[in-house]
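I opened the notebook to record what I looked up in this model. The entries go by topic, with each criterion given where I used it.

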Amino acid sequence: MNDQNIKKSIKEIVLDKIKKGEVKMRPKAHFVLKTILALSGAIILALFVLYLISFIAFALRAGGMGSLPGFGSRGLSSLLVSIPWLLILIAALLIVALEILVRRFAFSYRRPILYSVLTIIFLVFMGSFIINKTYLHPSLFQRAQEGRLPVAGEFYRDFGMPKSRDMHRGIVSGITDDGFYLKTPEGETLTVVIASETRFPMGVGIKEGDAVMVLGGRDNNTIQAFGISKINDEFNFFRQGRPTTTDPRQMLMPYRMPVPPNR
Amino acid sequence: MSILTSKNDEDIAKSVQSGQVDLFGILVDRYEEKMKRYARKFLYDTEDAQDVIQEIFLKTYENINSFDTKRKFSTWLYRIAHNELINALKKKKTLPLFDLDKFFPHHYHDNGLSQQIDRQDTRQIINQHLGKLEPKYREPIILYYLEGLSYKEIADVLHIPVSTVGIRIKRAKEAMKTTLKKIGYNL
């Protein structure tokens, strides 16, 4: 077959198939819908990643895990156990999926993947930072604790709690000669024994009503404290007067520290 | 017909979109040779190339409503051709899923005039030694030196950063230089 014949046959074959209706032009609506679906998918995925990363940050801070490195190697090993690795892995995979989804758009593929991924990570972390300044997670967490969060309740209860057996969280319900009583969110009252080696990376001065995280081995209802750290008042879920809103608009209001009553 | 043939690609594509299906033949006429050259140089298989070219034009017709007539038709068509050629190549060999060239930023200088002189001098030699290059280096070389696309257009066809186009062309030329040196030719 010479070149002239090949040329003829390609054009003819193509036009013939078009005329016979073997190949049909897709309507414009098909492509509009496809673009809308891709964009909505990217937005939904981005919002989900945003929610997940803000939740991870919330779970880490609410669990008092920020103070764990101050307890030395024992604190660090407890931190490694407590970090929600599965959620971090899921968030990382979702960021990869988001990158793949936005890669079809010129603003993304015209730049190196590294820049595009770093931009996504930056935006997601900024968004998470803003979400963590709102009532969203504290309100949902409290509703989960009270059994008023049907779908995500277990998720909040599970990830909101420390994973290490050495970590105990609660409020100081009474002071003893050598320590204090700790009331846990599960309703238990544990006796915490403070020794001369007990570490206080966030400072001493524990008083009744404080929310604390105690690191130490538990024997029945007694904990030999290896280290004690106060939990930021922002995450004291056991005291009264915490935000209990069910209104999503109020959940997204910026969080302000409660003003202590005048004594 | 002469008035129609003087129309640019984008206007003809617009007419096809609005239902003048027969005008699609003009676009096939205009790009058939280019697509043949691109497919043959990239696939190195005339039999496969023949089928792929048909498929390229059928896909073009099928998806013509997704073409934005404010943009360049040729770049859009080359994008379809690239996808079809990659699919054809995948049937024969496994292509790497991830490419570090696309991941990191690269520096390149877009010095238009020297590129133009370089393009004319190098075209002939490249034509003879393309087959020794990996597909990821072969394709930008074909599009730049043989099809005359700009770096930005190649970036839009391959969906890669412009700097990556520059680095791939540079590496491809270096690889060809090494090959040519072995046979006693200096590029």
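**Conventions.** I worked from a predicted model, in which local features need pLDDT of at least 70, side-chain atom pairs count only at pLDDT 80 or more, and totals for chains, interfaces and linings use all residues. Residues are numbered from 1 along each chain as its sequence is written, while chains are lettered from A and ligands numbered from 1 in the order in which they are written.

**Domains of chain A.** I took the domain bounds from an automatic or database domain assignment. For chain A, the assignment gives domain 1 (28-158) and domain 2 (165-234). I noted that their C-alpha centres lie 31 Å apart.

**Barrel of chain A.** I looked up the strands as DSSP runs (E, at least two residues), with helices as H or I runs of at least four residues, numbered from the N terminus. Strands count as paired if DSSP finds at least two bridges between them. I found a closed barrel of five strands in the order β1-β2-β3-β5-β4 of chain A, with mixed pairing. The twist from one strand to the next averages 55°; axes here are lines fitted to C-alpha atoms, for helices over the stretch in contact, and angles run from 0 to 180 degrees between N-to-C directions.

I then went through the pairs.
- β1(A) and β2(A) (residues 179-183) are antiparallel over five bridges, and they form a hairpin with two residues between them. Ile175(A) stands opposite Phe180(A) in β2(A).
- β1(A) and β4(A) are likewise antiparallel over five bridges. Here Gly170(A) stands opposite Val212(A) in β4(A).
- β3(A) (residues 189-193) runs parallel to β5(A), joined by three bridges. Val192(A) stands opposite Ile223(A) in β5(A).

α3(A) packs on this sheet, touching β1, β4 and β5 of chain A, and its direction makes about 100° with that of β4(A).

**Helix α3 of chain A.** Which residues of α3(A) are buried? I used C-beta atoms placed from the backbone: a residue is buried with 20 or more other C-beta atoms within 10 Å of its own, exposed with 12 or fewer, and partly exposed in between. In α3(A) (residues 72-82), the buried residues are Gly75(A), Ser78(A), Leu79(A) and Ser82(A). They lie on the same side of α3(A) because they cover an arc of only 105° around the axis, the arc being that of the directions from the helix axis to the C-beta atoms. Ser73(A) and Leu80(A), on the other side of α3(A), are exposed. The cover over the buried residues includes β1 (167-176), β4 (211-219) and β5 (222-230) of chain A.

**Contact between the domains of chain A.** I counted residues as in contact if their C-beta atoms, placed from the backbone, lie within 7 Å. Domain 1 of chain A gives 10 residues and domain 2 of chain A gives 13. On the domain 1 side, α3(A) gives the most, with four residues. That side has one nonpolar, eight polar and one charged residue. Ala, Val, Leu, Ile, Met, Phe, Trp, Tyr, Cys and Pro count as nonpolar, Asp, Glu, Lys and Arg as charged, and the others, Gly among them, as polar.

**Contact between the chains.** Chain A gives 23 residues and chain B gives 26. On the chain A side, the elements with two or more residues are α1 (3-19), α2 (28-62) and α6 (113-131). α1(A) gives the most, with nine residues. By class, I noted 15 nonpolar, no polar and eight charged residues on that side.

How values were computed
Contact = placed C-beta atoms within 7 Å.
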